[in-house]
Amino acid sequence: MKLQVLPWLILFLPLLAAAGITLFTLNNRERSAGLSIGAIVLGFVLTLFFIAVNDWEPAGKETVASWLEVGPLQVDFGLRLDPLSLMMLLIVTGVGGAIHIYSYGYMHEDRGVARYFAGLSLFTFSMLGIVLANNFLQLFIFWELVGLSSYVLIGFWFERPSAAAASKKAFLTNRLGDFGFLLGILLVWDTFGTLNFSSIQVELIRNPAALGSLATIAGLLIFCGAVGKSAQFPLHVWLPDAMEGPTPVSALIHAATMVAAGVYMLCRVFFLLDLPDSHALEVIAWIGGITALLAALIATQQNDIKRILAYSTLSQLGYMVLAVGVASPAPAMYHLTTHAFFKALLFLGAGSVIHAMHHEQDIWKMGALRRRMPVTFWTFLLASLALCGLPPLSGFFSKDEIIAATLTPEHGHPALFVLAVMVALLTTFYMSRLVLVAFFGPAKSHGVDHAHESPKVMTVPLLALAVPSVLGGFFGIAELYGHQLGETHSGYHVLAVVASLGAVIFGLAFALGLYWNAAQDPLPEKLGALAQAARNRFYFDELYEATVIKFQEIAAAIAAWFDEWIVAGLLVRGAHGATELFGRGLRLAQTGNLQTYAFLFVLSAAVVLYFMIGR
Amino acid sequence: MTLALLILLPFLAAIGLAFVPKENEGTPRVIALLTTFFGLLLGVKLFWQFDAAQTGYQFVTTIPGLGAEALGIHCRLGVDGLNVGLLLMGAIVAFAATCVARDIGERAKEFYLLLLTMTGGILGAFASLDLFYFYFFHELALIPTFIMIGVWGRGEDKNYATFKITMYLSLGALIALFGLIALYLQMPAGQRTFDIPAMTQYFAGQRMAAQAQQLIFPALMFGFGILVSLWPFHTWAPLGYGAAPTATAMLHAGVLKKFGLYGLIRVAVPLMPDGAKQWLGVLALLCLGNILYCGLVAMRQKDLNLLIGNSSVAHMGFVFLGIASLNLIGVTGAVVIMVAHGLLAAVSFALSGYIYQQARTLEISRMGGLLQQVPFVGMALTMAMLAGCGLPGFANFVGESMVFFGAWKTFPVVTALACWGALVIGAVYMLRAVRNILHGPLVDDWKDLRDLSNLWRRLPFAVLLFTLLLFGFFPRLLTDKIRASAEVIVNMANGGMPGNRAANQAGHSNTTGLAGEPSQDQRSLSLHPGPIAVELWTFSGVLNRNPNLTLTQKALGSETLGFGAGELHRLDSMAVPPGGEGAKGASHESVSRTVAFTPFQRSTAESAHKQPKGCGPHSFRFKDRGHGSQAADVSHEPIPSPYPPQQPDSTADNTDYADKNSSPSAKSAKSVVKELVQGFNGRDAAENPLPEGEGQSEGERGSEQSGRASPLEDRSFGE
C-alpha cells in the first residue's frame, strides 16, 4: 500500500480542526468555518487521491498502532481499508463537504458559528473513525463519540428547552442500544480472545460454530447497537426529535451518515450474523421491516417538513436493515450510499425552504414555492423522485435490489416482500404529498410572498448533490460492494421490478388525487383513528414515558428513600441514638450518692458469691 | 530524592507556614501554591522517569530519623506501577486544590497549613513501603480533613456532616488497623517486620493459614471499604463532600479516598489470597450496591454537590469490581479508574465549588441556562459530566471498559448490571444535571454570574481536564506503567498455594457440573465468615459462571490469568512450540504492523518488551522476569521484584524449558507442562509430592535472598 499516511491524515484533520477552533478561533467565524470546511474538503481530495493511487483494494488492508495492551486484552488503533470503508470515506467527506459549505450560508447569522463548526468537525472525525475502525472497541469508542457530537449539535440551540430535551433524549436512547452492543462486544471477546474484525472472521471461517449456542444472542446484542444508532424500532423515538438541531446537522448526521452507521456496522460484521446456528438475521429482517412500515405510516400524517423527512429516513433505514436481515449486505450498502445522496439533498432543500420562509416548517403554510425557488424546487423534486424509486434515478436501482432480495428462497419471506412493496407505495405517497403541498398549489401563507431563492453558497451544494442522486445507478457502486460483500443474487427479479414500479405509480396517483391544489389535509377525515394515531406517532413516546422511564424513576425514588430513611436514618442514626441512649442509661447509675454505690457493691458481691459458692 | 522531596516538602512548607506572621495575609497562599506547584513538577518527573519495564520498586528512599529501629519501623518510600499514577494524580490534584482555595476567606493561613499537611499525608501514604507509615500518613491526612470541614465547611448540615464523616472514617480506619495488626501478628515473633515488600515476600513463601485469612481479610475489606464508601457504608460521602470546602472535597474525594482501594490492592489481596477468594465474591455483589443503587440515588438528588458525591460513590463500585475480578485486566483497570476518578472528582468539585461561590446555592431546580452566562465553566462542567458517564476520550472510559473486560469472565451477570449502571444510569443523572443547570433559558437570578475569564484562574481546570484527556487518548502512558506491578499482585493472589488445594479441587470437580451449584467443599469452606456471608457467597456462586476459575488459573499458570475456564482450548497452542496460533499477528498476514502508539514513551526497553513475532506473550514475559531475578546479583539502581517469581516458572515455555531442566525449580515447571499436555487432571500429590508453593518458593527464596542483599540496601536520603 502506498501513501499509508493518507488515511491517518484524513481521519485526524477534522479533529485538528475541531481542537483548533475550540482553543483558538472561537471568536472568529470566518476562520472557524474555513478550518472546518478546509479539513473535510481536503479529506475528500486526499481520499480520491488515495483511491487513485491504491485502487479500491490496497495491498495491506490495515495499518495499525497499539492503543491498549494489557495481558490478553490487546486493542489496536487501526485503519481498515477496503471498498466498504473507502466508499464510506468518500460519502462522509464528499456529502459532508457539501453540507459543510452549505452550512456556512445557512448558519451565517448565528452567533455560535464557531461552536457549530467545531461540533461538525468533531462529528466528521468520529464518523470517519467508525468507518475506518478495524476492531470492535475502536468502533465502540467512535460509536460513542458520534453520539456525543450528535448530542452537542442537536442541542446547538441549547437555550431552547425543546432542543435541550431532544439532545438528551437522543443520547440516552443511544446509550440503551450501546448497552447491548457493549455486552455483545464482551461476549465476542470472551469467545475469540480478540477484537480485531479480520481475526474474528478468520477464526469463524475455520470454525463456524465457535460461538456455539450463543451465536444468536451475540448477533442480537451487536444488533442492539445498530437499533440505537440507526433508530430502529423500538428505539426509533429519538430521531424525529433530533430535528431540533440546525437543518444542515439533520442532513449530515440524521440522514446521510451517522444514522447509517448502524447499517454500516452490521455489514462490517456481517460474518458474525450470518452463522449456521444463528437466528439473528431473521429478527433483524423483521425489525427492519416493521420500522420501515411504521415510519412510513407516520410520515403520511406529519406536517413539519423536517419531520416528514425524518420519518422517511427512519423508513429507509428500515429498508437497509431489512436487506441485511435477508442476508444481502451489498444491496443494503448500495441503498445506504444512494440514500446518503438524495436524503442529504432533500434536507438541504428543506433547509433552503425553511431559510426562505424565516423558520417556518409547516408545509401547510407553504405552497407555490415552485416559481419562487426554482433551483431548490428542481433539486428537491429530483431527490424526491429518486427516493420514490423512479427509474433511472439512483434510488430505483438500490431499492429494487432490496425488494428483490426479499424474494430469495433461503433468507427471504413472502410477507417481507409484501411489506417492502407496501413501504415503497407509502414512500411515494408521502413524498408526493410533501412536494405537492409545499411547492405546488396556492400559497397558503404570507410568508410565501417574501420567499426568494437562497444564495449561491447554498444552491451550489444542492446542485452538486443532485448529480449523484440522479446518476448514482451508473457508477458501478453496486458491483464494488458486491465484490467485497458477496453477490447475493444476480440481476433484477422481474416480479420485484413490476411490483415496485406499480407501487410508485399507485402512490403517485393517490397523492395526486388527494393533494392536487388541496388547502388542507383530507386524509384525517377519510381514515379517522388511523390518521390520528399516525399523527401522534402511534403513541410510542407516551408508552415509554409511562413504562420504562416511570419504572426507572420509581426505582430511583425507592433507592433514594431507602438511602435517606433506612441506611442513613434508621441504621446510622439508629446506631448513634442507641449508643447515646446506652450512655444515658449508664449515667443513671452514676448518681454520686454513696449509698447507691454501696448498695450496688453489696448486690454485685452477693451475685458473685452466689455463683461461686451458693450453687 | 525526588520522591522524598515530594512527600516531605508539603510538611516542611506547613511547618514554615506556622511561623508566618499574621499580618502577611497573602504569603500563606503564595507558599502553598509554590509548594504544590513544585510538587506537581516532581510528580511529573517521577512519572516520566519511572521505568515501566521494571517490576520492583523504584526511587526507593529511606528517610533517616523518622522511624524506630528497635521496633523495626523505617520511613521507607518507593514507587511501583500501582502508586506511580496515584502519586502523579495526587500531586496534580493538590496543586489544583490549592489554586481554587482562594475562596477561603478567614483563617487562610491555618487552612493552607492543613491543606499542605493533608497533601503530604496523602502522598506519603501512597509512597510508604512501611506498614506503620502507610497507616500513619493516612491518619495524618485524615485529621486535617475533619478540621477543615468543621471549621470552613458550609451548609446547614455542616456539623452533622463533620460528625458523621469523622465517625465513619475513624471507624473504618480502626477496623483496618485491627486487620493490619492481626496481619502483623501472623508472622512469627522473630521475623516480624513492618516492611511491606518483606511482608509480602514472607507471606508469599509461608502461606498464612486459611482460617486466619478468612478472618483478617474481611477486616481489611470492610475497614478499607468504609474509607472508600463501600455500599452500604457510603452515606458519609455525599453528605461530607456537600459540606466540605472545595479544596478539601477535591483532595479527599479525589485522592485520599483512594487509600482504601490502594490498601486492598497493595496489602489485602496479595497477602491473603485465600481470604480474597472467599470474600471477593461478596465484594462483587456489594459493588453493585455502589454502581446501581447509588446511581439511582444520584438521579434523585436536588443539590449538585450531593449528585457529584453520589456519583463518586457509584464510581468506586467499578474499582471494587475490578479488584474482585482478580485478573490482570481488571486490576489494571481498577488502578486506571483510581487515577482517572481522582482527576474527575477534583474537577467536578472544583466546578461546583466555583458555582457555589458565585451563586451561593447549588440547588439544581433553581439553576438553568448557565452555559450562556459562564461558557468556560459550563463547558468544563459538561466535559466533567460526560467523563463521569464514561465517554471515550477520557481516562475513565479506559478504566471502566478494562474492568468490564476483566470482570466479564468471572462475574458476567454483575458485569452486565455494572454496564447498565455505567452506560445508562450514569448518563441519565449526568445529562439531566447538564440539562437542568446549563441548558435551557437563562434564569434571571444568574444574569450577573461571572465566568472564569482569566487564563491563570482557568489553569487548574485545564490541567485536570487535560490530564484526563491525555490518559484517555493514550492509555498506554498509564497502563504500561501499571501492568507489571498489577501482574505481580494478581499472580500472588492467584498463585498455587497449599492452603487452597481443597477449594481448587472442589472447583475442579465442578468443571463438568452445573455452574450455579457450589460443591460441598466450597460450602464448608465458606462457613467461616458467618451465616450472612454464606448466603451472599452462595448467591455469588450462582452469579459466578466459572466457579472453577481458581483451578484453571492455577493450572494455566499465572501468565494466562486473564483466561478463564472457557479458554481451555488455548492450552493446545501453548503446549506446542511457539510460532503456532498463539501469536496474534499470525492470523492475518496481510496486516502491516507499525510501531507502538505511545508518543511519549521514553525508554527503549519498551520496544524490547514487544513480543517477537510468532512467540506467545506468555513465554516472553516470563523470560523478562527470569532475567530480573538473575540479574539481581549485579547491583543496579532499582531493586528487583521483592516478590519471589514463583508461578512464572511453571509456565516455562519450551525454549527455556530445556535450559532449565537441571535447575531445581524446573521440576515444578516440568510437572506443570506435563499437566498441560495431559489436559489438567489436577495436580495430584502423587505426581507432585511437594506442595507447589512451598517447594518452589524455598528454592527461590534462597536465590532471591542472596541476590537481594546488595540492591536492597537503601539509597539513603540525601544521596
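**Entry 1: chain B against chain A.** I count two residues as in contact if their C-beta atoms, placed from the backbone, lie within 7 Å. This is a predicted model, so I keep that in mind as I read. How many residues of chain B are in contact with chain A? I find 53 residues of chain B in contact with 50 residues of chain A.

**Entry 2: who supplies that side.** Next I looked up the elements behind the side of chain B that touches chain A. At least two residues each come from α12 (273-299), α14 (328-359), α15 (370-373), α17 (395-410), α18 (412-437), α20 (476-494) and β3 (592-593) of chain B. Which of them gives the most? My notes say α18(B), with nine residues. Sorting this side of chain B by class, I get 31 nonpolar, 15 polar and seven charged residues.

**Entry 3: chain B as a whole.** Chain B has 30 helices and four strands. Of its 719 residues, 60% are buried. I also checked the contacts in chain B between residues at least 6 apart in sequence: 82% of them join residues at least 24 apart.

**Entry 4: a stop at V44(B).** V44(B) sits in helix α2 of chain B, which covers residues 27-49. Why is V44(B) partly exposed? I see 14 other C-beta atoms within 10 Å of V44(B), and the partly exposed class lies between 12 or fewer for exposed and 20 or more for buried, so V44(B) falls there. Last, I looked from V44(B) to T361(B), 317 residues apart along the chain, and their C-alpha atoms are separated by 36 Å.

Notes:
Residues numbered from 1 in each chain as written. Chains lettered and ligands numbered in written order. Predicted model: local features only at pLDDT ≥ 70, side-chain atom pairs only at ≥ 80, totals over all residues. Nonpolar A, V, L, I, M, F, W, Y, C, P; charged D, E, K, R; others polar.
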